[in-house]
Amino acid sequence: MTKKYETEAPGYTMTTVMEEAARCLLCHDAPCSKACPADTDPARFIRSVRFNNVKGAAETIRENNALGAICARVCPTEKYCELACSRTGIDCPIDIGGIQRYVTDFEQAAKMDILKQGKSNGKHIAIVGSGPAGLQVATTMLTKGYAVDIYEKNEKAGGYLTYGIPEYRLPNDIVEYEIKRIINLGANIHYNTTVGDDIMMDDLKANNDAVVVAVGASESKVLPMFADNENVETAVGFLARVKEAKGNITDLPENAVVIGGGDVAMDVATTLRRLDVKNVTDMAYEEFDEFKASKKELKGTREAGVTIVDGYVPTAVNGNEVTFKHRHIDSEMTIKSNKIILAVGQRVNAANLNITIDKHEEVPYAGYGTADPKVFVTGDIAQGDKTVVWAVRKGKEVAEQIDKMIMGSTKEADLVGGNE
Amino acid sequence: MIKKDLSVDFLGVHFENPFLLSSSPVGNCYEMCAKAFDEGWAGVAFKTIGPKHFKVDEVSPRFDELTKEGTPFVGFKNMEQIAEHPLEQNLHDLKKLKENYPTKIIIASIMGTNEQDWEELAQLVTEAKADMIEMNLSCPQMTSHDMGSDVGTNPELVKKYCAAVRRGSDLPILAKMTPNITDMVPAAKASMDGGADGIATINTVKSIANLDIDRKTALPTVDGKGSVSGFSGKAVKPIALRFIQQLREAAGMEQLPISGIGGIETWQDAAEFLLLGATTLQVTTSVMQYGYRIVEDMKNGLMHYMEEQGIDHLSEIIGAANKSIVPVDSLNRDYKVYPKIDWDKCIGCGRCYISCFDGAHQAIQWNEEARRPTVDIDKCVGCHLCNLVCPVGAISTGEVVMKPGREGNPEDIKIESPRLTHF
Ligand SMILES: Cc1cc2nc3c(=O)[nH]c(=O)nc-3n(C[C@H](O)[C@H](O)[C@H](O)COP(=O)(O)OP(=O)(O)OC[C@H]3O[C@@H](n4cnc5c(N)ncnc54)[C@H](O)[C@@H]3O)c2cc1C
Ligand SMILES: Cc1cc2nc3c(=O)[nH]c(=O)nc-3n(C[C@H](O)[C@H](O)[C@H](O)COP(=O)(O)O)c2cc1C
Ligand code: SF4
Ligand code: SF4
Ligand code: SF4
């Protein structure tokens with residue numbers, strides 16, 4: 001039953017990847033590379049593929065993006081590199097994600113170890129949260145020679161890579177490979193350790209040269225009318241449960257209503273269908289012309305046989321009966337279902353972390369600093385897009401900033417004779 | 001990023017890597033060479049410099065390309081002659097390049113119409129501080145019969161002009177050979193006898209790539225007329241490799257120093273030239289198509305190849321394939337290997353069936369219901385045409401059998417490449 005849930009779409013072969021790379025125009029001052037938030041440099045790695053240098057392509061990806069194999073699969077490329085692609089002037093953009101996937105799969109098959117730990121500089125940093133942002137910070141810092149400890153609330157690392165994005169889009173094996181690379185590089189991960197509860201920020205500050213908070217928005221929002229309703233489950237709770245059980249869950253409903261119009265809602269609805277839940281209806285707040293989910297996800301959800309109704313908000317609930325009203329026209333409908341899954345956004349839990357989170361579930365200012373000069377934020381809780389590739393970008397940027405702060409001050413200290 | 005020492009020593013000169021621009025428009029002036037050096041090329045064979053009295057007068061347009069299906073630049077035809085810039089300008093550029101890029105290698109390509117020209121040009125470029133001289137004995141579209149490939153096919157003239165250049169300079173001399181010849185060995189030997197130190201090959205192959213079928217002349221058309229002229233790019237690589245192998249096979253030339261040219265575009269092409277005995281590698285057409293940046297993947301890919309081969313210096317592989325390329329009558333003809341068809345990979349297109357029927361031995365049986373091929377081993381001769389046409393790599397080398405009455409153990413026969421080719 002879980003085959004449909006577990007199976008990823010097939011990737012390119014050596015022949016077909018070359019056909020796709022051959023479509024690339026090898027542009028001057030390539031727009032795709034400028035549009036990648038993490039500077040993964042697609043124009044550069046596609047050119048390497050084109051000239052038979054797949055290993056070189058893997059180096060370009062890996063050196064710029066610690067989660068290259070993951071981004072290859074989950075990036076909303078239509079909003080970034082592929083949106084910018086010049087080939088659109090002829091027909092359709094180069095399948096940059098697909099080529100990236102081929103290259104990173106090759107990297108794995110050829111057992112390449114591209115990143116190397118930097119020579120120890122005697123400095124330590126602590127990272128709170130092992131989602132994509134925390135993992136990227138760890139990678140950049142390790143290559144620079146820092147000692148890195150990551151504190152993770154859950155039993156496994158990866159944040160939403162491990163507990164959110166479904167298997168058919170992002171196989172867990174891939175996530176494990178990527179995390180393994182970072183552990184091999186020297187990251188020390190403390191699992192089942194909630195900062196602010198099992199260990200305090202003050203301890204981390206006392207024992208490290210900097211602390212990076214990358215806790216993401218790991219909890220689901222719940223609309224007040226659904227609180228304490230036994231028919232209701234949250235989207236991220238459901239997805240985590242399914243992913244952990246590799247699709248083998250026993251309490252599947254006969255039919256379900258999903259509320260929400262973002263990628264998370266699409267993932268929940270598609271997952272339900274892939275687990276053979278017969279009738280799945282997704283009720284979205286946005287209308288299709290303002291839809292939040294990516295085109296790729298929306299298409300996949302439709303193909304999975306989900307009924308999507310756009311423009312409706314829930315107005316009343318009675319047990320397993322929910323009433324929805326259209327936002328603009330005079331229309332109302334009531335749906336009775338075995339299960340109601342809420343995909344109406346995630347919220348940050350920053351308990352005892354001493355950082356300020358506003359109603360947009362992020363810090364109320366741009367950048368990565370906090371009131372405490374030793375403490376930084378990054379990932380979803382910093383301003384900017386809430387995607388994996390942006391988590392990578394923010395991870396790289398905060399790492400550079402911290403390195404500048406620490407090594408900059410060390411250099412000054414050296415100039416005045418140091419303090420040891 | 002991988003780091004390996006790509007440096008090579010060639011005719012007593014140290015090159016930071018084997019990649020050079022070959023003499024052509026890609027190395028036509030100071031700015032071009034400077035940009036190429038900045039992007040990683042180890043040196044340049046500067047655009048061929050002629051004598052003052054020879055006036056270059058070019059046509060427009062001057063190029064054509066051979067395509068196949070969707071692929072551009074399978075081969076490239078050009079009608080250019082030698083440098084258009086004045087002699088003084090070229091000498092000035094050579095000098096400035098050496099001054100500003102002392103570690104890069106400047107090869108002066110020259111061409112004269114008589115012994116005096118050759119000797120004088122050799123002196124001039126030596127005074128301009130070039131590191132090496134390359135004698136262009138091979139351009140196939142010179143407007144004078146005293147120049148270019150008409151000279152290169154005549155061993156006596158080759159020897160005479162090489163001797164003239166030797167008199168004019170004590171720099172290392174490369175003689176650039178034309179492929180428009182059945183056997184390159186006599187011309188190469190003549191050049192060495194005359195005083196050359198090594199061979200650069202190939203220059204372009206005389207060709208007509210396409211016709212304008214309405215105007216009824218060769219492309220490119222110049223005021224309604226066309227000409228036979230030089231062909232280069234990927235399509236000439238097999239010709240270049242063949243000449244290089246044959247040079248290194250000739251008695252007494254096993255260690256011949258060679259600068260390999262012809263269709264180099266990827267690190268794999270580069271490795272092939274090195275394995276056949278080239279120490280430096282020169283490139284034009286792929287630079288014209290894609291720009292100097294192609295050197296990045298050639299260098300990086302070659303480093304990965306060195307890593308795979310477990311070598312620290314390219315010198316360890318130069319010429320490594322010469323000995324295992326043997327005359328056709330020395331090949332093992334005692335066995336055949338059948339194709340193996342993987343039905344899980346097969347998508348049922350039937351291309352193998354068509355090619356085997358129409359181009360081989362009618363040995364593939366086609367199941368119309370299942371749309372799947374099977375090999376009839378009674379008819380199959382093991383030619384592997386099917387393997388080459390299959391679009392999904394479903395056909396590979398399978399069982400090896402000895403031909404009736406022949407000795408040998410099929411298990412000892414090497415059939416597959418250890419490279420990861422179907423990932
Ligand atoms: C279902 C779903 C699908 C998505 N699909 C995509 C997609 O296709 N493409 C895309 O680009 N993005 C997608 N996203 C968004 C993407 O996953 C996030 O933007 C990204 O994971 C944010 O990374 P992060 O490191 O900031 O936080 P997270 O991934 O949320 O990781 C935070 C980590 O911190 C840990 N943590 C939290 N509090 C503490 C604490 N106090 N102490 C210790 N550890 C703590 C958490 O357990 C977690 O492991 C999706 C999100 C979801 C929920
Ligand atoms: C447009 C063009 C101009 C060339 N001009 C010269 C020249 O001036 N002197 C010379 O020795 N070879 C000349 N060549 C030949 C190249 O240097 C080279 O030998 C040949 O093109 C094969 O290499 P390729 O396949 O990398 O282009 C020219 C080639 C082209 C395409
Ligand atoms: S913009 Fe598109 S066509 Fe141009 S280099 Fe990038 S992928 Fe290739
Ligand atoms: S390539 Fe440049 S020089 Fe040549 S015709 Fe075009 S614009 Fe003119
Ligand atoms: S050519 Fe390949 S894919 Fe096509 S029928 Fe033959 S084996 Fe199958």
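**Exercise 1.** How many residue pairs are in polar contact between chain A and chain B, counting pairs with both residues at pLDDT 80 or more?

*Solution.* The model is predicted, and side-chain atom pairs count only at pLDDT 80 or more. Between chain A and chain B the count is 16 residue pairs in polar contact. On the chain A side, α2 (14-23), α4 (42-50), α5 (54-64) and α8 (96-109) each supply at least two of the residues that touch chain B. By class, the residues on that side of chain A are eight nonpolar, six polar and seven charged.

**Exercise 2.** Find the number of salt bridges between the two chains, and check one of them by its distance.

*Solution.* The count between chain A and chain B is four salt bridges. One to check joins the side chains of Arg47(A) and Glu296(B), at 3.3 Å from N to O. The cut-off for a salt bridge is 4 Å, so the 3.3 Å of this pair qualifies.

**Exercise 3.** Describe the extent of the contact between chain A and chain B.

*Solution.* Start with the residues: 21 come from chain A and 20 from chain B. Next take the area: the two chains bury about 1800 Å² between them, with 49% of it on carbon and sulfur atoms. In chain A, the residues that lose the most area to chain B are Arg47(A), Phe51(A) and Glu59(A), together 32% of what that side buries.

**Exercise 4.** Which residues are closest to ligand 5?

*Solution.* Ligand 5 is surrounded by 14 residues. The closest are Cys346(B), Cys349(B), Gly350(B), Cys352(B) and Cys390(B). Sorted by class, the shell holds 11 nonpolar, two polar and one charged residues.

Key: Residues are numbered from 1 along each chain as its sequence is written. Chains are lettered from A and ligands numbered from 1 in the order in which they are written. This is a predicted model: local features need pLDDT of at least 70, side-chain atom pairs count only at pLDDT 80 or more; totals for chains, interfaces and linings use all residues. Side-chain values use heavy atoms; hydrogens and water are left out. A residue is near a molecule or strand if one of its heavy atoms lies within 4 Å of it. Ala, Val, Leu, Ile, Met, Phe, Trp, Tyr, Cys and Pro count as nonpolar, Asp, Glu, Lys and Arg as charged, and the others, Gly among them, as polar. Contact means heavy atoms within 4.5 Å. Buried area is the accessible area (1.4 Å probe) that two parts lose on being put together, summed over both. A polar contact is a pair of N or O atoms within 3.5 Å; within protein, one must be able to donate a hydrogen and the other to accept it, and residues adjacent in sequence count only if both atoms are side-chain atoms. Helices (H or I, at least four residues) and strands (E, at least two) are DSSP runs, numbered from the N terminus.
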